[in-house]
Amino acid sequence: MGGLTYLDFLAKFGIGGAHPGGFLLTKNILAQEKIPSGSLILDAGCGTGQTAAYLCQEYQTNVVGLEINSIMVEKAKKRFQNLQLPIQLVQGSVENIPFADQTFDFILSESVLAFVNKPRTLREFYRVLKKGGRLIANEMTINTPVSKAEEAEIKEFYAIDSLLLEHDWKTLLTETGFQNFHIHSLKLDLLQGSPAQEFNFSQGFEPELFNILNQHGNMLVKYHDILSHRVMTCTK
Ligand SMILES: C[S@@+](CC[C@H](N)C(=O)[O-])C[C@H]1O[C@@H](n2cnc3c(N)ncnc32)[C@H](O)[C@@H]1O
């Protein structure tokens, strides 16, 4: 892949709602949470800021977007400026969140934990959430154990360090201290995909990124029984 990763593809194509189920699923999940106006929400790994903008507009919440990738940050910044939304955008890592303990009422993690050190990031989420605060996560999950070769192929393509089963997530979240672990029922096939995908292309992106798009499609087909996601919520 010449050093380019799946996340480079997402950033340079400017995919909005770059998570399983897309924006439609985000709206459904948020509608199931009671989100009071004025809540302080961290959109961890906010990408191009589609969900952050929606949270601010629809729920009158105060939103912080935290994102490590400068192309994503630039695209999110433009979105918030165009919509004139007072969203605080911070470039930094979810593994080392630049906010004080007990800051946020909600943390949203839409396909972000998959790409980072999960225990470290979950400890950070726990630290910056207020007591009683809620974590809402939509994350890559395997339906069944995979062979070593399959695991290696998936991990290499997405540049991730581990693949978790549903019960692994439960264990990890519970060990971090979270309570009320709940898995939301939804369509679990990644191939159901993201209706009405949003794009915001970077100028002059590498044609090679189309290969990554193709390979991603091939992975979803090859592993459609295995590679899935779960929407999980829990409370500090
Ligand atoms: C699959 S995308 C999801 C983006 C966004 N949440 C969405 O649903 O559209 C994963 C995002 O996590 C970001 N990311 C990866 N590692 C990160 C880190 N250590 N800290 C903050 N963001 C990170 C990537 O740059 C990318 O924007």
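Residues are counted from 1 along each chain as its sequence is written, and side-chain values rest on heavy atoms, with hydrogens and water left out. Since the model is predicted, local features need pLDDT of at least 70 and side-chain atom pairs count only at pLDDT 80 or more, while totals for chains, interfaces and linings use all residues.

Let's start with the sheet. Strands of a sheet pair through backbone hydrogen bonds, either parallel or antiparallel. Here, 7 strands make up an open sheet with mixed pairing, in the order β3-β2-β1-β4-β5-β7-β6. (Strands are DSSP runs of E with at least two residues, helices are runs of H or I with at least four, and both are numbered from the N terminus; two strands pair if DSSP finds at least two bridges between them.) At the edges sit β3 (88–91) and β6 (179–184), each of which pairs on one side only. From one strand to the next, the twist averages 20°, with axes taken as lines fitted to C-alpha atoms, for helices over the stretch in contact, and angles running from 0 to 180 degrees between N-to-C directions.

Zooming in, strand β1 (residues 40–44) runs parallel to strand β2 (residues 62–67), and 5 bridges join the two. Strand β1 is mostly covered, with 4 of its 5 residues buried; buried means under 20% relative accessible area, exposed means over 50%, and partly exposed lies in between (1.4 Å probe, protein chains only). Over at β5 (129–142), helix α7 (residues 166–176) lies across that strand as well as β6 and β7 (227–235), and runs at about 155° to β5.

The loop between α6 (148–158) and α7 holds I160. With a relative accessibility of 8%, I160 counts as buried. Its contacts (heavy atoms within 4.5 Å) are with A114, F115, M140, I154 and K155, leaving aside residues up to four places away in sequence. I160 and V116 are 44 residues apart in sequence, yet their C-alpha atoms are 7.0 Å apart in space. Another buried residue is T26, at 2% relative accessible area, which lies in helix α2 (residues 22–32).

Next come the rings. Rings of Phe, Tyr and Trp (its six-membered ring) pair if their centres lie within 6.5 Å; planes under 30 degrees apart count as stacked, over 60 as edge-to-face and the rest as tilted. The count by this rule is 16 aromatic pairs. In one of them, the centres of Y6 and F9 are 5.8 Å apart with planes at 40°, so the pair is tilted. Y6 and F9 sit 3 residues apart in helix α1 (residues 6–13), about one turn of the helix, and both are buried. Ring pairs also tie Y6 and F9 into a cluster with F13, F115, F157, Y158, F199, F201, F205 and F210. Elsewhere, K236 lies over the face of Y126, 4.8 Å from the ring centre; the rule asks for NZ of Lys or CZ of Arg within 6 Å of the centre and within 35 degrees of the ring normal.

Finally, the cysteines. The structure holds 0 disulfides, a disulfide being a pair of cysteine sulfur atoms within 2.5 Å. For C56, the closest cysteine sulfur belongs to C46 and is 13 Å away, too far for a bond. C56 is buried at 12% relative accessible area, and C234 counts as buried at 1%.
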